[in-house]
Amino acid sequence: MIDKEFAGKSVLVTGGMGFIGSNLVIRLAKAGAKVTVLDAMIPDYGGNEFNIAAVADQIKVNYCDIRDEMAVNYVVKEKDFIFHLAGQVCHLMSMSNPFPDIEMNITGTAVLMEACRKYNNTATVVYTGTRGQYGPSVSLPVNEEAPTNPKGIYEISNLTAEKIIKVYNDMHGINSVLLRLTNIYGPRSQMRHSRFGVCNWFIRLAMDNEPIQVFGDGSILRDFCYVDDCVEAILKLALTPKAYGEIFNVGSDIPVNFLEAVKQIIKVAGRGSWSFAEFSPERKAQEPGDFYSDITKINRYIGWRPGTSLEDGLAKTIDYYSKYGNYYWPMKYPQVNSQSPISSRGMQGTPLTVDATSKALTGKAG
């Protein structure tokens, strides 16, 4: 269904060179969609040109900021679907500097939705928020009716962005789907620092044979969702009219504690070690305790549930970084396969050039 429905459709992905965004871009390009990527490539936020290298000659890339009103006004025009993943994504940064969250997540979302209202009010918008919008769990598993009491500015800004989009859905008729994602992991995530993407960071440490710190006693529960499953949920919901205006959890209802997850990572990687550690004051202030998702609603609407086990997802992720890890961090161990997935095209073989018609950067040869 996904390939048939998206073939030939015009699609915008904000934050499309980041982790989830790039996996979404690749899936859409393979389905035959006409994809435009918007990404400001802000350092340390996860944007990586290599992420979209495999489809660089099939898509257009616009290097601009979600807060740039004129640029956003231009790129939303004539799009059938808009997947909004751009934003400030670091939990810890928001505790010391709240303004990037306010400017990118709140103002940036308002800029996008105003552009849709003025220039393309028939587009379907899908927004990816975070499970952190709930805050500490009142009961487990957490469903979409649970109270929202976020503990940090990052989570507050995501919740505010969600509410802004809901207003444009209800008041201006811009069809929107609102998602709350839980611990997505897999290929193409940033691996240079530990400020976000805990599962992928643990994978890097194991692959480098470094010790992994397990905070507290390791018993805190989380649900983990492989990125391909997440992308499938995003695309299916975009195609489901009864989902418009609704909020959905995208996660797993099979909780795993951190110690179990770390042991599994070390087992699959074949190296690494772990030890207990005390929470830092910053992490302790933001730690909400046990959390795992109730995915009854999304299953009822589109029949979705994650199809990739944690062990299989870890194996796929480690295989990817074993081959291409040097594009993500200075690996301590040599790559298993140094051949680029794009061979003689894209980022290595074909430089990104400016399309004079669209005024956007593309991966096509000039």
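Setting aside neighbours within four places in sequence, glycine 216 is in contact with Phe276, Ala277 and Phe279, where contact means heavy atoms within 4.5 Å. This is a predicted model, in which local features need pLDDT of at least 70, side-chain atom pairs count only at pLDDT 80 or more, and totals for chains, interfaces and linings use all residues. Residues are numbered from 1 along each chain as its sequence is written, and side-chain values use heavy atoms, with hydrogens and water left out.

**Glycine 216**
- Glycine 216 lies in the loop between strand E8 (211-215) and strand E9 (221-222); helices (H or I, at least four residues) and strands (E, at least two) are DSSP runs, numbered from the N terminus.
- The relative accessible area of glycine 216 is 33%, so this residue is partly exposed (buried means under 20%, exposed over 50%, partly exposed in between, with a 1.4 Å probe and protein chains only).
- Although 62 residues separate them along the chain, glycine 216 and glutamate 278 have C-alpha atoms 5.6 Å apart.

**Nonpolar cores**
- The largest nonpolar core has 47 residues, and Phe6, Leu28 and Phe83 have the most contacts inside it; such a core is a set of buried Ala, Val, Leu, Ile, Met, Phe, Trp, Tyr and Cys residues joined through side-chain atoms within 4.5 Å.
- Helix H8 (residues 227-238) gives the largest share of this core, eight residues.
- Another core, of 33 residues, lies apart from it and includes Phe258, Ala261, Ile266 and Tyr328.

**Whole protein**
- The protein has 13 helices and 15 strands.
- Of its 366 residues, 56% count as buried.
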